[in-house]
Amino acid sequence: MAPNSESGGGQPGGDAAKWYELFSRGARDWLRHDEKVRESVRQHLPQIVAGGELINGGSRTVRVPIRMLEHYHFRLRRPEEQQGAGQGKVKPGDVLADPSRQRGPGEKGPGGQDEGEVQLLLEFKIDDIVDWLWEEMQLPNLKARVGPSEDSEWVREGWDRRGARSRLDRRRSFKELVKRRGAPGATPTFTDEDLRFRQLARRRQPAIHAVAFFLLDVSGSMSDRDRKLAKTFFFWVVQGLRREYRSLETVFVAHTTEAWEFTEAEFFQVSGTGGTVASTGFAKVQEIIDERYNPNRCNIYLFYASDGDNSVSDAADAREGLSAIAEDACFTGYVEVSSGLSRQLATETGRLFADLSAAGCAAGSYALNDFDDVWGAVRHFFSAEGRAEEAASP
Amino acid sequence: MTDNTWQSYTRRIEELAARSGLKFHPVDFEAVPDTFMMEIAVYGLPVRMPHWSFGVRYIYQLIQRHMGHSRLFEVVFPGNPGHAYLASSNGLAENILVTAHVLGHADFSRNNLLFQRCQEQVSEHIVEHAANHARQIQQAIETHGLQRVEAVLDAALALEQHIDVDQSLRRTRYPEYVEDKKSLEEDGFRKRFAQLDPAAASTGVEHKKRAPIPPHSERDLLWFVAQYAPEMESWERDIFLAVREESFYFYPVFATQIMNEGWASYWHARLLREAEFVPQQAYLDAIKCHSDVVRPVAADQQVALSINPYHLGFAMWEKIVEKEGLEAARNIMIQDDDFAFVRNHLTRELAEELNLFRYSARNDGQIKVLEPDLTALHEAVLGPKYNFGAPTVSAKHVRNDGTLELVHDYTLDARGLDLERSRKVLDYLQRVWRRPVQLTTTNQAGLALELTAP
């Protein structure tokens, strides 16, 4: 080795000879890059999560494809036509293939200047996302209304020297053996002293069941985008409720002048034609509640998404139907998805919920015009629900 | 161990190089793992400040390496002594070649005037300086937090090409006052007035005028921001000046790449030919390695849309030495940078011999070979090298409210800036300038356009 070789290392504290084998600056800055990506993804979650079958989908993670961040410099605009110098046997007038375009049809733009397109696929746990959001928006955690009808469960708790053979904890027992013998040199022989058995304890748990009804107006006036907005909103509502309820059931009901129950997969595909009679939807929800859910044992939530136009002749029926549900439900919410027309709840259905709220029921409404509003809506409902809850519990 | 074997050749190659007329500072050779080689390539210096953008480059480099595209044999840093890092995966033949190559670089960086001038500024210890900067910034992160330091680095590194190497690295602030020329002039009236009452005449004229900032458009943006940002803290200014110092080091490397790589390649080939002490097999392997390095086009291609600087420089130096002799070649090496080198010595015959051509690439992907035109070919080769490869943006004025006005000289660059990117740079800059920042450039239609942040 050259005598002066470590002077380039420049690390404090002398023996810098091989520091680079222990530490990678590249990896450190790479991690920082990924961290920044995560931060920026966090800010655009509603749009990102809007697509896909996510509500009851088996996976609890979202995969988000992202471009690498660019550190920006002043650059000239891409010209229509650019000159360059190359090398090879060609004649003037020859037309050449752009090698950067041969990579595949999906590839966009010439690679040379843009450093090629590298996409990262980041995986986010939905639970993490929801935790961030709740933290960031300082949303209250919901409390279950219905008193605990007890449910018990066996939970692991500690070890004992005696127990059933099947509960022998081998790892733990081996540790005991090592502790006793000092070193694991020769063939270990266990004594009864070493054996440890897992213990179980009975733990009481409140049986909390909740059901969320998602009622969607699919009449002709609801556009594709409106439905997608509603879907995004519903998704986050489910996530919020799941934070509190370990078993949350979801029911999907769509209505035009009639109402039907759907599976989730079908639900967002449904599109109807014709008018809007909201009372049919409420009646259907009521019917399902009566049939399957006992309001005394179960927390009921209703979220209704519509563009707000209800048939005038239906006003009285709708009011009645909704009030009936509101009596049983922990909370009823209404989102008005009227992309384009921002009427801000000054609609038939809007008034219905406003009156309900004025009458002291746990109800809330929000106008949803854009994907950026989804957070606002989620925040609105969960804080409204939080308030209603505080008011309800002395 | 291979390590010892190539070390035993180093001395003899150095002696041979010195006998052949190369004049270089001693070089410390160090064999380092490939992973570290890769980091040196990414950061440009063995130890350099942390920033996430290096992480991005690191990922690209990893991908490239994965695809087997790039293999680094050596990285050398000029200085006294110089530092050369060799990949520990190099074989004996590669290391012999690389040693000779490094000595070519060492000769170049010691004698080339542009290198000399910049080295006078940044001293011959850039490697140590950069490591110091890194430590300084690490301390800043500990004191002020990552977010704040990163905001400063975002801005400083975004402007890293915007320096003025014609000015001193340690340049002083502008004079604060303009000399009031009028008061110095003795006109007839003032003379007669002074005769009337000498006391009154001497008092009234002593008024100085504050100079505008900047007094002329300033293209050294890193320096200007560090000196004149209204509310920057001193540690933030230090970061700007640290980045600027490193840019002063990088400039000659950038502006003489063709010459420098060509010179080193010329000498590794020549020294190898003359080194009788190298065993036959190692010589053959080394020559094969040489031809891979100076290959004009990638193995699987017929035509390249870019020119390999190693190849071009190597071919040009061979031609110059053949025609004008080694002494003339040395003089050219001392005096030129790539601009002069290419314009003066890339001749029509050589361009034809090397099959160099000019093409135009349209946005829709069509690429067409153009008629040969030597001057235009020079410009096509040199085009990406002007102004450190960056658009000409300069600081023009600071308003009374602290607003910074930047101007892009779009007549010089022939087209406007990429607006999206420029806006982001303004955002970075605004965070350290802490007052509005404005930039004038031109839009697609050629009309002047103002961007502002915030």
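**View 1. A three-stranded open sheet in chain B of this predicted model.** Start with the strand order, which reads S1-S3-S2, with mixed pairing. Strands S1 (27-32) and S2 (74-77) of chain B stand at the edges, and each has a single partner strand, so one side of each is left without a neighbour in the sheet. From one strand to the next, the twist averages 15°.

**View 2. Where S1(B) meets S3(B).** Here you can follow S1(B) alongside strand S3 (residues 82-87) of chain B: the two pair in the parallel sense over six bridges. A handy place to look is B:Ala31, which stands opposite B:Leu86 in S3(B). As background, strands of a sheet pair through backbone hydrogen bonds, either parallel or antiparallel.

**View 3. Helix H2 of chain B lying across the sheet.** Helix H2 (residues 34-43) of chain B lies across S1, S2 and S3 of chain B. Its direction is at about 130° to S3(B).

View 4. In helix H5 (residues 113-122) of chain B, look for B:Leu114, B:Phe115, B:Cys118, B:Gln119 and B:Val122, which are buried. The packing partners of the buried residues of H5(B) are helix H4 (92-111), helix H6 (126-144) and helix H12 (234-255) of chain B. After H5(B) comes B:Ser123, with a positive phi near 70°.

**View 5. The largest nonpolar core.** This core has 132 residues, and those touching the most other members are B:Ile96, B:Leu103, B:Ala156, B:Leu222, B:Val225 and B:Ile239. Helix H15 (residues 309-335) of chain B gives the largest share, 10 residues. Domain 1 (300-385) and domain 2 (387-453) of chain B each supply at least three residues to this core. In soluble globular proteins, nonpolar side chains tend to be buried together.

**View 6. The surroundings of B:Leu222.** Leaving aside residues up to four places away in sequence, B:Leu222 touches B:Ala156, B:Leu159, B:His162, B:Ile163, B:Phe240, B:Val243, B:Arg244 and B:Ser247.

**View 7. A second, separate core.** This one has 60 residues, among them A:Met222, A:Phe252, A:Ala259 and A:Val285.

Definitions and conventions:
Residues are numbered from 1 along each chain as its sequence is written. Chains are lettered from A and ligands numbered from 1 in the order in which they are written. This is a predicted model: local features need pLDDT of at least 70, side-chain atom pairs count only at pLDDT 80 or more; totals for chains, interfaces and linings use all residues. Two strands pair if DSSP finds at least two bridges between them. Helices (H or I, at least four residues) and strands (E, at least two) are DSSP runs, numbered from the N terminus. Axes are lines fitted to C-alpha atoms, for helices over the stretch in contact, and angles run from 0 to 180 degrees between N-to-C directions. Two residues are in contact if their C-beta atoms, placed from the backbone, lie within 7 Å. A nonpolar core is a set of buried Ala, Val, Leu, Ile, Met, Phe, Trp, Tyr and Cys residues joined through C-beta atoms within 7 Å. A residue is buried if 20 or more other C-beta atoms lie within 10 Å of its own, exposed if 12 or fewer, and partly exposed in between; C-beta atoms are placed from the backbone. Domain bounds come from an automatic or database domain assignment.
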